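Subject: Structure handover

Hello,

Here is the structure I promised to pass on. Please open it first, then read my notes below.

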Amino acid sequence: MTSLVSVIVLLGVLIFVHELGHFLMAKRFGVGVLKFSLGFGPKLVGKRIGETEYMISLIPLGGYVRLLGESETEALSPEDLKRSFIHQSVWRRIAIVSAGPLFNFLLAIFVFAAVNVSGVPVLTSEIGEVLEDSAAHAAGIKAGDRVLSINGKPVERWDKMAEIIGKSDGQPLKLSVDRNGSVLNFDVTPRPVKVVNIFGEEVTAYKIGVAPAKRTVIMRQNPIEALWTGVKQTWIISKLTILSIVKIIGGTLSPRSIGGPILIAQMAGSQVQEGIVHFILFMGLLSVNLGILNLLPIPVLDGGHLMFYAIEVVRGKALSLKWREKAQQVGFIILIMIMIFVMAMDIDRLEIKPIQDFTRFFMR
């Protein structure tokens, strides 16, 4: 039940924010909005306010905003022509379509910023273990030492210390450490080691052979710092998401890493149990993913519409209705195939043997 409620809340917020972007940008340009729906399929509840009907629909795996004059075949009065979507300039149409993914990125920035303002636990730079025959061991560093600076740059957090060491490219580093109240200096040369990255690939990284002491402190940032941190974290997650998609298409990353509604529900439930901060961070992560996935150049997605508008900008006129309809049909088929595949991956993770045998038969 926790997983079900948490995934409904999670998807509800992400979908609402996405559609709100389309809605507000359309209103900004004076385009009529006929429907604002959370979910697809049959309407569960709804209320009309002005010309817009606000609805919650049966299938909570998406949503939509229906604009006045989206179709060229829609009959419009002379008064409505100016307010119709199809009669807006291509740049306004691009802005309206782009606003959905943009709002997902803005939500992620806000979420990450809010968490950093409230405070997040981070590992200190205290060393808990020094590996035998490591660069740190050879230099004389001991467990319990707290790194104060590297090459004169102050260090308080373990992740920052690891980042500096990782970027050293094997060049000697001067570490200043606090040992029982005394400041000691050590020259340490990081050594290349083979590690497995987040994509499961073996790569070379530079390390000095130490492990953290598991001591944490709550780090809080002022709103300006937190906002910039939110921007950076959103950018990093965006790059990793795009890189993951490229690696899956290229065959270097297993498609089994893809998750669908079932996995999202499981993870949302576990994040709620970990605490509200973990759940909110998970929401920010998914918001970035939703923004990027919607920008993929697949017809029926926002990215597909933007692709058509880009072609219109280059050609000076829109593609014919016939070609766009064909592309939409192909895009719909592709989207259905992706959804079936993702659901198959989710079901396979449940480890129900008859279903696993069935899905593996078709994936051989």
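Start with helix α9. Its buried residues are D302, G303, G304, L306, F308, Y309 and E312. Buried means under 20% relative accessible area; exposed means over 50%, and partly exposed lies in between (1.4 Å probe, protein chains only). Helices (H or I, at least four residues) and strands (E, at least two) are DSSP runs, numbered from the N terminus.

A word on the source. This is a predicted model, in which local features need pLDDT of at least 70, side-chain atom pairs count only at pLDDT 80 or more, and totals for chains, interfaces and linings use all residues. Residues are numbered from 1 along each chain as its sequence is written, and side-chain values use heavy atoms, with hydrogens and water left out.

The expected span is 1.5 Å times one less than the number of residues.

Helix α3 has 29 residues, 90-118. From first C-alpha to last it reaches 42 Å, close to the 42 Å expected at 1.5 Å a residue. There is a bend in α3 of about 40 degrees at A99. A proline, P101, follows within four residues. The bend is the angle between axes fitted to the seven residues ending at a residue and the seven starting there. After α3 comes G119, with a positive phi near 110 degrees.

The sheet

Which order do the strands take in the open sheet of 4 strands? The order is β6-β5-β7-β8, with antiparallel pairing. The edge strands, β6 and β8, each pair on one side only. Two strands pair if DSSP finds at least two bridges between them.

α5 packs on this sheet and touches β5, β6 and β7. Its direction makes about 50 degrees with that of β5. Axes here are lines fitted to C-alpha atoms, for helices over the stretch in contact, and angles run from 0 to 180 degrees between N-to-C directions.

Now take the pairs in turn. β5 and β6 are antiparallel over 2 bridges. I150 stands opposite K153 in β6. I150 also has a bridge partner in β7, namely L175. β5 and β7 run antiparallel and are joined by 4 bridges. S149 stands opposite S176 in β7, and V147 opposite V177. β7 is largely enclosed by the rest of the structure, because 6 of its 7 residues are buried. β7 and β8 pair in the antiparallel sense over 7 bridges. R179 has S182 in β8 as its bridge partner.

Two turns

Most residues other than glycine have a negative phi. Two asparagines are worth a look here. N151 is not a glycine, yet has a positive phi of about 55 degrees. N151 sits in the turn of the β5 and β6 hairpin, which has 2 residues between the strands. It is partly exposed, with a relative accessible area of 48%.

N180 also has a positive phi, near 55 degrees. N180 belongs to the hairpin of β7 and β8, with 2 residues between the strands. Is N180 buried or exposed? At 80% relative accessibility, N180 counts as exposed.

The cores

The largest nonpolar core has 18 residues. Those with the most contacts inside it are I141, I150, M161, L175, I208 and V210. A nonpolar core is a set of buried Ala, Val, Leu, Ile, Met, Phe, Trp, Tyr and Cys residues joined through side-chain atoms within 4.5 Å. β4 (127-130), α4 (135-139), β5 (146-150), α5 (158-166), β7 (173-179) and β8 (182-188) each supply at least two residues of this core.

Leaving aside its neighbours within four places in sequence, I141 is in contact (heavy atoms within 4.5 Å) with I127, V130, A136, L175, R179, F186 and V188. Another core lies apart from the largest one. That other core has 16 residues, among them L14, F279, M283 and I292.

Best wishes
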